[in-house]
Amino acid sequence: MPLHTTALVLFSGGQDSATCLADALSKYQRVETLGFDYGQRHRVELDVRGTVLAKMRERFPDWAPRLGEDHVLTLAALAQLGGSSLTEEVAFAMQADGLPNTFVPGRNLLFLTLAGALAYRRGLQVIVTGVCETDFSGYPDCRDDTMKAMQLALSLGLERRLVIETPLMWIDKAETWAMAHRLGGEPLVELIVEETHTCYLGDRVHRQAWGYGCGECPACELRKKGWERYVATALPAGAGTTSTR
């Protein structure tokens with residue numbers, strides 16, 4: 001067991017956050033989850049969160065006692081600011097600053113600030129988030145430097161030493177699938193495929209090999225390519241599976 005024993009996982013209902021949740025449950029004695037309703041165009045990810053959590057408890061009995069309360073906070077101000085294809089009915093495109101219009105300015109900074117406040121109230125020591133610099137669109141609030149700065153700011157501002165943990169920071173989507181397999185074997189991979197949601201268009205109709213989605217938006221394309229690389233290099237089913245304890 002690590003030095004810290006409790007964690008708060010930023011859990012959106014997607015592949016990355018579900019993998020981070022499994023990682024936290026494999027290490028920490030008490031794990032709570034936090035989601036955000038920020039006026040996103042498609043609320044599917046909010047809808048699937050409860051299903052993923054319930055099936056995580058059901059299928060992984062060793063983890064179930066560690067999985068504590070789930071929290072959802074609202075951030076309507078992000079939608080009011082506008083300008084993002086995640087909060088407005090606009091086509092996906094690149095902006096003049098070189099970032100895709102899926103970037104919601106300040107989103108992760110607000111998420112982490114509120115997570116810090118909740119962790120303070122709930123007595124949780126580690127904040128876990130699925131940001132990474134490997135498979136990402138250049139979002140500045142996903143960078144390792146940003147996470148280090150936020151950890152320092154929260155620890156100083158709350159007068160409590162909080163740790164921001166980023167298990168996916170330096171791995172790509174194929175390695176994220178492989179990480180899920182190491183943590184929970186085929187049952188966890190199957191749960192992530194079937195129940196998590198990534199598609200920017202909120203498509204829960206079209207079932208692909210890697211899960212539900214339109215198959216064409218940037219999020220689906222990233223998940224699809226990662227899945228294909230993972231499958232191409234994966235061990236035979238059941239090989240290399242680790243205990244969920």
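**Sheet and helix packing in a predicted model**

The model is predicted: local features need pLDDT of at least 70, side-chain atom pairs count only at pLDDT 80 or more, and totals for chains, interfaces and linings use all residues. Residues are numbered from 1 along each chain as its sequence is written, and side-chain values use heavy atoms, with hydrogens and water left out.

Helix α2 spans residues 44–59, and helix α6 spans residues 173–195. Helices (H or I, at least four residues) and strands (E, at least two) are DSSP runs, numbered from the N terminus. The axes of α2 and α6 come within 10 Å and cross at roughly 165°. Axes are lines fitted to C-alpha atoms, for helices over the stretch in contact, and angles run from 0 to 180 degrees between N-to-C directions. The two helices are therefore roughly antiparallel (over 145 degrees). V48, T51, V52, K55, M56 and R59 of α2 meet P187, L188, L191 and E195 of α6. Contact means heavy atoms within 4.5 Å.

The open sheet has 5 strands in the order β3-β2-β1-β4-β5, with parallel pairing. Strands pair if DSSP finds at least two bridges between them. β3 and β5 (163–165) stand at the edges with a single partner strand each, so one side of each has no neighbour in the sheet. The twist averages 25° from one strand to the next.

Strand β1 covers residues 6–10 and pairs with β4 (residues 126–128) over 3 bridges. Here L8 stands opposite I127. β1 also pairs with β2, over 5 bridges, and A7 stands opposite V31. In β1, 5 of the 5 residues are buried, so the strand is largely enclosed by the rest of the structure. Buried means under 20% relative accessible area (1.4 Å probe, protein chains only). T6, L8 and L10 point one way from β1, while A7 and V9 point the other way.

Helix α1 (residues 15–27) lies across β1, β2 (30–37), β3, β4 and β5, at about 175° to β1. Helix α2 packs on the sheet too, touching β2 and β3, and its direction makes about 175° with that of β3.

H71 lies in β3 (residues 67–74). H71 is buried, at 11% relative accessible area. Its side chain makes a polar contact with the side chain of E32 at 2.7 Å. A polar contact is a pair of N or O atoms within 3.5 Å; within protein, one must be able to donate a hydrogen and the other to accept it, and residues adjacent in sequence count only if both atoms are side-chain atoms.

Key:
Buried < 20%, exposed > 50% of the residue type's maximum accessible area, 1.4 Å probe, protein only. Parallel < 35°, antiparallel > 145°, perpendicular 65-115°, else oblique.
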